[in-house]
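Please walk through this model with me, from the whole chain down to single residues.

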Amino acid sequence: MHLIMILNALAVAWWLRSSANQPQGSWSLRWRRSLFLFLFPPLLIFMTAIAVLFMGPQGQMGGMYTGSISYLVALIYLAFFAISCIKLAFQGWQSVESARNCPLVNLGDKRARLLQTGALFAGQIGFWQPELVVSQGLVQTLSPAHLESVLAHEQGHHYYRDTFWFFWLGWVRSCTAWLPNTEPLWEELLALRELRADSYAALQVDPLVLAESLLLVVSSSPVLSEICCAALGSSGADRLEQRVEALLAPPEPTPEAQLQSWHGFLLAFLPLVSVMFHS
């Protein structure tokens, strides 16, 4: 019976991920849809594995005997999840320690770590309380107005705690790379993250100046890993046109997260209900 539960969860997860297509609509609609398709399937599989682990390798469920094979499968999958989390956390810690070795500089009313490289880079590095890191090449190349627009963008990442939330989304990505459309959905979420930070910055600086800064920074090669890092050019050059068009268009409101938008995720916890029917 437990094996049937696991196979059903895998089938539903595969079907939902396969239904992902070209995103359309407003920022809010794209964000909710992409996040649901990216997060719900692995959450369903994870909760199914948790339920099987709680029920154990022996007993009955729905009049059918359970075996140790499904229990072992669930245990291996959860161990893989845990190992992936530890690995990513260690890589993130290395990025944070590397950033902390850089000297502190004052950029107007903001303090930042100065990266000794000629590449154009600015990003938030860390977990819940990230630090601003900028490259020497960025400070020397950009004008004060362009630099201010870049810092406003990075402040948007800090405001939305993007480094923290995308660390966990990156963990989900690494654990479910075998599911269909994992990479397209991940790239879509990255692009929407940057659009949100662009929108935040556009309320404080000239959107045209920010667009010019974006063109300069994205053309430069990335210098750090995406783990625990939210940088101006992290969505890649393939999303550049979309971001510039969004900056030059009338601003679109970015709604705060609402409780009802999370109701659909409650369905992923249904496998836990099966624990009550196990004996």
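Of the 279 residues of the chain, 47% count as buried. Buried means under 20% relative accessible area, exposed means over 50%, and partly exposed lies in between (1.4 Å probe, protein chains only). This is a predicted model: local features need pLDDT of at least 70, side-chain atom pairs count only at pLDDT 80 or more, and totals for chains, interfaces and linings use all residues. Residues are numbered from 1 along each chain as its sequence is written, and side-chain values use heavy atoms, with hydrogens and water left out.

The chain holds nine helices and seven strands. Both are DSSP runs numbered from the N terminus: helices are H or I with at least four residues, strands are E with at least two. Now take contacts, meaning heavy atoms within 4.5 Å. Among contacts in the chain with a separation of 6 or more, 74% join residues 24 or more positions apart. The accessible surface of the chain is about 14,200 Å². Carbon and sulfur atoms contribute 65% of that surface. These areas come from the Shrake-Rupley method with a 1.4 Å probe; for residues, only the protein chains shown count as cover.

Next, look at helix α3, which spans residues 68–100. Setting aside neighbours within four places in sequence, S84 contacts W171, S174 and C175.

L72 also lies in helix α3. L72 counts as partly exposed, because its relative accessibility is 48%. Together with L75 and I76, L72 makes a nonpolar surface patch of about 280 Å². Patch residues have over 30% relative accessible area and no salt bridge; like charges are joined within 9 Å, and nonpolar side chains (Val, Leu, Ile, Met, Phe, Trp, Tyr) within 5 Å. A salt bridge is a side-chain nitrogen of Lys or Arg within 4 Å of a carboxyl oxygen of Asp or Glu.

Now turn to the backbone. Most residues other than glycine have a negative phi. R161 is not a glycine, yet its phi is positive, about 55°. R161 sits in the loop between α5 (144–159) and α6 (162–175). With a relative accessible area of 19%, R161 is buried.

Which value does phi take at N181? Phi of N181 is near 65°, again positive in a residue other than glycine. N181 lies in the loop between α6 and α7 (182–202). N181 has a relative accessible area of 27%, so N181 is partly exposed.
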